[in-house]
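Please look through the structure shown below before reading on.

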Amino acid sequence: MPTVRGLHALAEARAKAFFGAAPPVLVFGTVPPDESSRGAAYLIIDPDPGFDMVARADGRVSSRRGRFHVRACGSTATQAAFALDKARDAFLNWWPYEGRRYGMARETEADPLTVDRSVPTDIRYVFGLTYEVDD
């Protein structure tokens, strides 16, 4: 399986390319500064270490799973829901790697709407998605 950083970079690039130069949804590879995301629907692509499946009697790795997380965010619940729908569109049937040795990105988990009130004057709404890529 390619590196954690490699899959994260591919997922970020996919989302940015999907939305193009005038995106309806902004895309960030890390948590953005408040001023760059305030009042907008946006995605944060987070890396994940993935995991190894050990299903052989001798303890060898039988397969590896790469993962990345997408946080669909907005200043309103409506913006966050819009970002969530657009994230699902961007990663639907996406094969991050050339050839068919690795699988397509599959949505494996979805988190309910949460509200970040850590800055009382700048509340953010967030949905979470987890995607896996099989080796």
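Not counting residues up to four places away in sequence, Gln79 touches Gly39, Ala40, Ala41, Cys73 and Gly74, where contact means heavy atoms within 4.5 Å. The model is predicted, so that local features need pLDDT of at least 70 and side-chain atom pairs count only at pLDDT 80 or more, while totals for chains, interfaces and linings use all residues. Residues are numbered from 1 along each chain as its sequence is written, and side-chain values use heavy atoms, with hydrogens and water left out.

- Gln79 has its place in helix α3, helices (H or I, at least four residues) and strands (E, at least two) being DSSP runs numbered from the N terminus.
- Gln79 counts as buried because its relative accessibility is 19%, and buried means under 20% relative accessible area, exposed over 50% and partly exposed in between (1.4 Å probe, protein chains only).
- Pro96, in the loop between α3 (77-91) and β4 (106-116), is also buried, with a relative accessible area of 11%.
- Leaving aside neighbours within four places in sequence, Pro96 is in contact with Leu7, Leu10, Gly103, Met104, Ala105 and Val133.

**The sheet and its helices**

- An open sheet with mixed pairing is formed by 5 strands in the order β1-β2-β3-β5-β4, where two strands pair if DSSP finds at least two bridges between them.
- The edge strands, each pairing on one side only, are β1 (26-28) and β4.
- Strand β3 (residues 63-74) pairs with strand β5 (residues 124-134) in the antiparallel sense over 10 bridges, and Val70 stands opposite Leu129 in β5.
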